[in-house]
Amino acid sequence: METLSENACFGGVQGVYRHTSSSCQCDMTFGLFLPAEAKDGPVPILWYLSGLTCTHENAMVKAGAQSWAAEQGIAVVFPDTSPRGEGVADHEDYDLGQGAGFYVNATQTPWAPHFNMWDYVAEELPALLAQNFSVDMNRQAIAGHSMGGHGALTLAMNLPGRFRSVSAFAPISNPTGADWGRKQLKAYLGDDEALWAKHDASLLMAEKGFDGPILIDTGTSDQFIDLLRPETLAQAIASQRQQATFRLQPGYDHSYFFVSTFMEDHITFHAEALYRD
C-alpha cells in the first residue's frame, strides 16, 4: 500500500492511499479520515460510498464529514466508485463504466475482469483497513449518496450484522424500475432480472429489511428524483414496518450543497448506533 498524502485535519489525519486490488485487478485509491482518538486505540468506522462520476475525492473534500466525525471520534473511509486505469473497460456514457461501478460484481463482457466493486467494498478493503489502521471492525456503519446510497442500502441489507446503521442521501432506490439501474444492471449482470434483485434497495426492503436504524434524505428539487424513485422505497419501508427516518427536504437538489447541509445529522445518527452497547 502506498501513501499518496496525509494531512492534519480537525485534530486527526486525512489520508489518501493506493494499493493493488485483487478484486478489481488494478490499482485502487481510497481516502481515510482518522480522528485524534485513533492514536490511542481502534475507533468506529463509517463507510461513505459516492455516486456517479465521483472518485474517492469528491466527498472527501465537499461533504464536510471530517469536522463532525472528529467531534464523534469516528473514522470515515471514502472508497472510489469503480476500477480505473489502462486496460479497464469504459463507456462513452457517464453512467456506465469508469466512475459508475454500481457496487456490483459484473459477470458480463467487457466488465467482468475488473468491475467487482461488491467484493472490493464488502471484503477486500475492510481486510486492508483492519490490517493497516486503528479502526474497530466490530463497530461499522455505512452511508452513501445517489449511486452510493444504492450501494450503502444494498450492502447493509445483504450483509446482516455487518453494519450497525445505514443512511443515504438521495439514493437510487429502485434501480430495477428506472432507467438509472436497468441500463447498468443489464450491462453488468446480464438479462436475467432475478439476478438484479439483490441490488435493489426497495425489493430488499420489502423482502427482509435491515437489522438496525435507517436515515434517508432526498431533496424535493432533486433534478433526478424520477430516476431515484424514493416513493418506492418509502412504501417498502412502511410495508416492512422498518425502523427508519425518511425525509424529503424542501428545495434541495442532488448536489453536495445538499449533502453537506445534512451531513451533521447523518454523522450524529451513526454515532448513536456505533457507540451503543
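Leaving aside neighbours within four places in sequence, Gln242 is in contact with Met205, Gly209, Phe210, Gly212, Ile214 and Ile237, where contact means heavy atoms within 4.5 Å. The model is predicted, so local features need pLDDT of at least 70 and side-chain atom pairs count only at pLDDT 80 or more, while totals for chains, interfaces and linings use all residues. Residues are numbered from 1 along each chain as its sequence is written, and side-chain values use heavy atoms, with hydrogens and water left out.

Gln242 sits in the loop between H8 and E9. Helices (H or I, at least four residues) and strands (E, at least two) are DSSP runs, numbered from the N terminus. The relative accessible area of Gln242 is 12%, so this residue is buried; the term stands for under 20% relative accessible area, with exposed being over 50% and partly exposed in between (1.4 Å probe, protein chains only). The side chain of Gln242 makes two polar contacts with backbone atoms: one reaches the backbone nitrogen of Phe210 at 2.8 Å, and in the other a polar side-chain atom lies 2.9 Å from the backbone oxygen of Gly212. A polar contact is a pair of N or O atoms within 3.5 Å; within protein, one must be able to donate a hydrogen and the other to accept it, and residues adjacent in sequence count only if both atoms are side-chain atoms.

The sheet comes next. Nine strands form an open sheet with mixed pairing, in the order E1-E2-E3-E5-E4-E6-E7-E8-E9. Two strands pair if DSSP finds at least two bridges between them. At the edges are strand E1 (2-9) and strand E9 (244-249), each of which pairs on one side only. From one strand to the next the twist averages 20°; axes are lines fitted to C-alpha atoms, for helices over the stretch in contact, and angles run from 0 to 180 degrees between N-to-C directions.

Strand E5 (residues 75-79) has five of its five residues buried, so the strand is largely enclosed by the rest of the structure. In a regular strand the side chains alternate between the two faces of the sheet. In E5, Ala75, Val77 and Pro79 point one way and Val76 and Phe78 the other way, and all are buried. Strand E3 (residues 26-34) runs antiparallel to E5 and is joined to E5 by four bridges, with Leu32 opposite Val77. E4 runs parallel to E5 and is joined to E5 by three bridges; here Trp47 stands opposite Val77.

Strand E4 (residues 43-49) also pairs with strand E6 (residues 135-145), in the parallel sense over six bridges. Val43 has Val135 as its bridge partner in E6. Across E4, E6, strand E7 (166-169) and strand E8 (214-219) lies helix H4 (residues 147-158), running at about 135° to E6. Helix H8 (residues 230-240) also packs on the sheet, touching E8 and E9, and its direction makes about 155° with that of E9.

Pro175 is in the loop between E7 and helix H5 (179-189) and counts as buried at 0% relative accessibility. Beyond four places in sequence, Pro175 touches His150, Trp180, Gly181, Arg182, Leu185, His199, Asp200 and Ala201. Tyr94, in the loop between E5 and helix H3 (117-132), is partly exposed, with a relative accessible area of 44%. Residues touched by Tyr94, again not counting those up to four places away, are Leu52, Thr53, Ala100 and Trp180. Tyr94 and Thr53 are 41 residues apart in sequence, and their C-alpha atoms are 6.6 Å apart.

Helix H9 (residues 256-274) has a kink of about 45° centred on Phe262; the bend at a residue is the angle between axes fitted to the seven residues ending there and the seven starting there. Ser255 caps the N-terminal end of H9, with a side-chain oxygen 3.2 Å from the backbone nitrogen of Phe257. Buried residues of H9 include Tyr256, Phe262, His266 and Leu274.

The structure holds zero disulfides, a disulfide being a pair of cysteine sulfur atoms within 2.5 Å. For Cys26, the nearest cysteine sulfur is that of Cys24, 5.3 Å away. The sulfur of Cys54 is 17 Å from the closest cysteine sulfur, in Cys24, and is therefore too far for a bond. Cys26 is buried, with a relative accessible area of 10%, and Cys54 also counts as buried, at 7%.
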